[in-house]
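Subject: Handover of a structure with notes

Dear colleague,

Please find the structure below, followed by my notes on it. I would be grateful if you read the two side by side.

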Amino acid sequence: MSVVIPLDEEQRDALQELLNIAMGQAANSLAQLIETKIDISIPKITSVTPAQLYSLLFGSQDTFHTRQSFLGDIQGEVISVLSRSGLSEIAKLMDYSDPLSKEDVEEIILELSNILAGACLAGLSSQLELTTNLNMPTLFTPNKENFDELKWQHSLVMEVQFTVAVSSFSMRVVFCLDDDSLTRMKDTLDELLD
Amino acid sequence: MALSVLVADDSKLSRRSVKKSLPPELDYDISEATNGQEAIDFLAENTFDLVLLDLTMPEVDGVDVLEYLSKREECFPNVIVISADFQPEIQRIVLSLGAQRFIRKPLDKEELAMTMFELGYL
């Protein structure tokens, strides 16, 4: 069974700031694509159980979900939660025509996930001087039964939120790390803080 | 005479990075605000030669601080915004509110030095 390795206050502050910088880079990537301002939240860093993670991610029915695993110096999974609301406005900004087909919607969701989650992970990894490779995102439907079987038993969750200013669209990106990766990241943060 | 500087950022790591990046040619009298409201409180009670301001802070953010400065009657201090959010729209907003310069995070000390040079500090 895995054990939560808590971050101390300085490590948490540092990780939050590094994520904030990574989010800025991610938001800029999307803003360039849709030529619209993106509001970004202050990152939240929490340790949660699978049940808490399930509630955190899937509290609303009105959302799409994607997941992407990443490998490298640190390993884990990025789960993106995208609101259904406002997605058609984003699609227009991405030059899709109404009405959107099912394939269009899936393509947009995967594209948004890849841009924001990819840029976030790349920004975080580069600042920590860690190598990571992000796999392509896949759509998935959350299921409480199989969710408990995932390996994210008490792991660190890094949550960021993007909101598109001119629409009701919002998206959350949640990073889940395994314990070995968390230990590696803590060590790297300590080196940064020295 | 030391340059009075207010560093406003909710991240300790970032405040430390800003302080370490200040050009060594000058002496500094540094005050630190850990959020936007603290920054406003400092600015209400003190005069600073230079304000180094983050944007993304809880509750009272950097834009709120700039709006506070733009509404008061006192002289607007030199403000360099140092932000992870560097979208063109946010840069336009902060510069229109009176900030002199915009620098993106992660902070590059050469860029800070160049910016301070352009503003006449070096």
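Helices (H or I, at least four residues) and strands (E, at least two) are DSSP runs, numbered from the N terminus. Residues are numbered from 1 along each chain as its sequence is written, while chains are lettered from A and ligands numbered from 1 in the order in which they are written. This is a predicted model, in which local features need pLDDT of at least 70, side-chain atom pairs count only at pLDDT 80 or more, and totals for chains, interfaces and linings use all residues.

Confidence

The model has an ipTM of 0.85 and a pTM of 0.87. For pLDDT, the predictor's confidence in each residue from 0 to 100, chain A has a mean of 87, with 92% of its residues at 70 or more. In chain B the average is 96, and 100% of the residues score at least 70. Where pLDDT is low, the predicted coordinates should not be read in detail.

Where the chains meet

Two residues are in contact if their C-beta atoms, placed from the backbone, lie within 7 Å. By this rule, 17 residues of chain A are in contact with 14 residues of chain B. H1(A) gives the most to the side of chain A that touches chain B, namely 12 residues. By class, that side has eight nonpolar, five polar and four charged residues; here Ala, Val, Leu, Ile, Met, Phe, Trp, Tyr, Cys and Pro count as nonpolar, Asp, Glu, Lys and Arg as charged, and the others, Gly among them, as polar.

Axes are lines fitted to C-alpha atoms, for helices over the stretch in contact, and angles run from 0 to 180 degrees between N-to-C directions. The axes of helix H1 (residues 9–34) of chain A and helix H1 (residues 12–21) of chain B come within 7 Å and cross at roughly 75°. That makes H1(A) roughly perpendicular to H1(B) (angles under 35 degrees count as roughly parallel, over 145 as roughly antiparallel, 65 to 115 as roughly perpendicular and the rest as oblique). In this contact, A:Glu10, A:Asp13, A:Ala14 and A:Glu17 meet B:Lys12, B:Leu13 and B:Ser14.

Within chain A

H1(A) also meets helix H4 (residues 102–128) of chain A: their axes come within 8 Å and cross at roughly 140°. The two helices H1(A) and H4(A) are therefore oblique to each other. Their contact has 14 nonpolar, four polar and no charged residues.

The loop between H3 and H4 of chain A holds A:Asp95, whose phi is near 70°, a positive value in a residue other than glycine. A:Pro99 lies in the loop between helix H3 (87–93) and H4 of chain A, and the peptide bond from A:Asp98 to A:Pro99 is cis, with omega near -10°.

Within chain B

Chain B has an open sheet of five strands in the order E2-E1-E3-E4-E5, with parallel pairing (two strands pair if DSSP finds at least two bridges between them). Strand E2 (28–33) and strand E5 (101–104) of chain B stand at the edges, each with a single partner strand, so one side of each is left without a neighbour in the sheet. Strand E4 (residues 78–83) of chain B pairs with E5(B) over four bridges; one of the bridge partners is B:Ile103 in E5(B), which faces B:Ile82. A cis peptide bond joins B:Lys105 and B:Pro106, with omega about -5°.

Yours sincerely
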